[in-house]
Amino acid sequence: MSVEKVREYLAPYGRAGEVLEFDSSSATVELAAQALGVEGARIAKTLSFAAPEGCILLVAAGDARVDNGAFKRFFGFKARMLPAEEVEEKTGYAVGGVCPFANPEGTAVYLDESLRRFETVFPACGSSNSAIRLSCEDLYELSHARQWVDLCKGWRPE
């Protein structure tokens with residue numbers, strides 16, 4: 001079970017016991033926010049993109065949308081989400097449970113600036129009914145993110 005893989009991954013950090021599991025689905029931003037009783041923007045959604053050498057995971061706030069132009073300028077290629085049938089193979093998790101922890105070798109994790117406006121955020125933990133509450137600093141450390149990026153739009157006050 002994928003949530004167990006994440007618990008094992010978080011155990012050396014003393015965080016395995018903090019993984020939350022719900023009786024209902026948390027596979028979408030809306031469902032996760034409902035299960036947790038928080039605003040959807042605080043859900044740290046993990047988006048999976050095809051890359052020339054594997055997969056890129058971009059963790060962004062629930063109310064943010066990828067800015068395709070910013071993505072292309074940063075990575076040097078067009079943003080293309082992984083097809084559903086490739087998600088589990090490339091990320092280690094099924095759609096709805098993709099998370100930035102315990103990913104296959106070579107998977108690059110980036111965190112979007114849209115998350116930094118919150119003291120804590122809630123990424124999934126490998127299943128469609130799990131999450132963990134983390135500070136942005138803890139998310140950066142635990143995900144082994146490569147860096148913070150500014151690749152999303154729609155979350156800043158206009």
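# Close-up views of a predicted model

**View 1. Strand β6 and its neighbours.** Strands β6 and β8 run antiparallel and are joined by two bridges. This is a predicted model. Across this pairing, Val-121 has Leu-134 of β8 as its bridge partner. Strand β6 also pairs with β2 (residues 43-51), again through two bridges, but here the strands run parallel. Ile-43 is bridged to Phe-122 of β6. The side chains of β6 point two ways: Thr-120 and Phe-122 to one side, Val-121 and Pro-123 to the other. All four of these residues are buried.

**View 2. The buried side of helix α5.** Helix α5 spans residues 136-143, and its buried residues are Cys-136, Leu-139, Leu-142 and Ser-143. These residues lie on the same side of α5, because they cover an arc of only 130 degrees around the axis. Their packing partners include helix α1 (2-10). Strands β3 (54-61), β5 (108-112), β6 (120-123), β8 (134-135) and β9 (147-149) also pack against them. Just after the helix comes His-144, with a positive phi of about 55 degrees.

View 3. The side chains of Asp-138 and Arg-15 form a salt bridge, with 3.0 Å from N to O. Asp-138 belongs to α5, while Arg-15 sits in the loop between α1 and β1 (20-21), so the pair ties together parts 123 residues apart in sequence. Arg-15 also meets Glu-18 in a salt bridge, at 2.8 Å from N to O. Glu-18 is partly exposed at 32%. Asp-138 is partly exposed too, at 23% relative accessibility.

**View 4. Further salt bridges.** The whole structure holds eight salt bridges. One of the salt bridges joins the side chains of Glu-113 and Arg-116, at 3.1 Å from N to O. Glu-113 is partly exposed, with 22% relative accessibility. Arg-116 is partly exposed as well, with a relative accessible area of 45%. Elsewhere, salt bridges link Glu-4, Arg-7 and Glu-21 into a network.

View 5. Ten aromatic pairs are found in a search of the whole structure. Among them is the edge-to-face pair of Phe-74 and Tyr-110, with 5.8 Å between centres and 80 degrees between planes. Phe-74 lies in helix α3 (residues 68-75) and Tyr-110 in strand β5, so this pair ties together parts 36 residues apart in sequence. Phe-74 is partly exposed, at 36% relative accessibility. Tyr-110 is buried, at 8%. Phe-75 and Phe-77 make a tilted pair: the centres are 5.9 Å apart and the planes 35 degrees. Phe-75 is buried, with a relative accessible area of 17%. Which residues make up the cluster? Ring pairs link Phe-49, Phe-71, Phe-74, Phe-75, Phe-77 and Tyr-110.

**View 6. A lysine over a tyrosine ring.** Lys-5 lies over the face of Tyr-93. The distance to the ring centre is 4.3 Å.

Note on methods. Residues numbered from 1 in each chain as written. Predicted model: local features only at pLDDT ≥ 70, side-chain atom pairs only at ≥ 80, totals over all residues. Heavy atoms only, no water. Buried < 20%, exposed > 50% of the residue type's maximum accessible area, 1.4 Å probe, protein only. Helix = DSSP H or I, 4+ residues; strand = E, 2+ residues; numbered from the N terminus. Arc of directions from axis to C-beta. Contact = heavy atoms within 4.5 Å. Pairing = 2+ DSSP bridges. Salt bridge = Lys/Arg side-chain N within 4 Å of Asp/Glu carboxyl O. Phe/Tyr/Trp six-rings, centres within 6.5 Å; stacked < 30°, edge-to-face > 60°. Lys NZ or Arg CZ within 6 Å of the ring centre and 35° of its normal.
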